[in-house]
Amino acid sequence: MHIDDDQLAFDVDLPLPESGGGVTSLDLYGRTQSDLELRDLHLSVSSHQMARFHPLFGKLGVTPAAQLSSLPGGTEVLVAGVRRATNTPPMRRGRRVVFVSLDDGSGPVANVVFFHNAQERVGGRVFATHYLLVRGRTRRSGAKGVSVTGENPWDLLAVARQSELRPAADHAAPDVPPKPLAHHRKRA
């Protein structure tokens, strides 16, 4: 094999190992390119893994993370995303506080805080899924800092499945978020 002087070469043993035969139609059935990338690579390179949920976000009234900083403190919101980090640091009073970072693909990561009283109500649901939908209220910390105080989490995949099965005219079942927020509500 001839390699020109201006061409980069990689040290690769030949022959190259088999890659498993490529993608078959069975691999593609009901899956998107992002699904296959997530399964095989554990990351998505063609689009953000939350892009498939964006139409559902519109139906539910989910606030994109990129818009949270424009909302006043105490505004009721729905946020959603893939869990990027979960922290439960020790607290002085011994009560556990759970910090969850959610990435919805719109920009900055949404930081959600579940205080002890919310955890008593929701139990382990906050830890049970990789994809979360959360109802809460914005909490301002400084001129640009904003987080969401979580009140109720749902498994986003379960909500998406129920949304697909339920006719549009039906009201939401008790275990999924109530009807979409027509507008953001500020705490009185």
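**A serine and its surroundings**

Modeller: S101 is found in strand 2. Keep in mind that this is a predicted model. The serine comes out as buried, because its relative accessible area is 17%, and the cut-off for buried is under 20%. Its side chain has a polar partner: a contact of 3.0 Å joins S101 to the side chain of N111. Leaving out residues up to four places away in sequence, S101 touches V82, R83, R84 and A85, and also V109, A110 and N111.

Strand 2 covers residues 98–103, and five of its six residues are buried, so the strand is mostly covered. On one hand there is strand 1, which runs antiparallel to strand 2 and is joined to it by five bridges; in that pairing R83 stands opposite L102. On the other hand there is strand 3, also antiparallel to strand 2 and again joined by five bridges. There, F99 has V113 as its bridge partner. Strands 2 and 3 make a hairpin with six residues between them, and G105 in the turn has a positive phi of about 85°.

Going on from strand 1, you reach strand 4. These two run antiparallel, with seven bridges between them, and V82 has Y131 as its bridge partner. Note that V82 is also one of the residues S101 touches. Eight of the eleven residues in strand 4 are buried, so the rest of the structure largely encloses it.

The largest nonpolar core has 17 residues, and the members that touch the most others are L68, V79, V100, L102, V112, F114 and V134. Strands 1, 2, 3, 4 and 5 each give two or more residues to this core.

V159 takes us to helix 5, residues 156–165, where L156, V159, A160 and S163 are buried. Seen down the helix axis, those buried residues fall within an arc of 100°, so they line one face of helix 5. The general rule behind such a pattern is that an α-helix has 3.6 residues a turn, so residues three or four places apart point the same way. The cover over the buried residues of helix 5 includes helix 3 (54–60) along with strand 1, strand 4 and strand 5. At the N-terminal end, D155 caps helix 5, with a side-chain oxygen 2.9 Å from the backbone nitrogen of L157.

Back to where we began: S101 is a buried residue in strand 2, with N111 as a polar partner.

Terms used:
Residues numbered from 1 in each chain as written. Predicted model: local features only at pLDDT ≥ 70, side-chain atom pairs only at ≥ 80, totals over all residues. Heavy atoms only, no water. Core = buried A, V, L, I, M, F, W, Y, C linked by side-chain atoms within 4.5 Å. Buried < 20%, exposed > 50% of the residue type's maximum accessible area, 1.4 Å probe, protein only. Helix = DSSP H or I, 4+ residues; strand = E, 2+ residues; numbered from the N terminus. Arc of directions from axis to C-beta. Contact = heavy atoms within 4.5 Å. Polar contact = N/O pair within 3.5 Å; in protein donor to acceptor, adjacent residues only side chain to side chain. Pairing = 2+ DSSP bridges.
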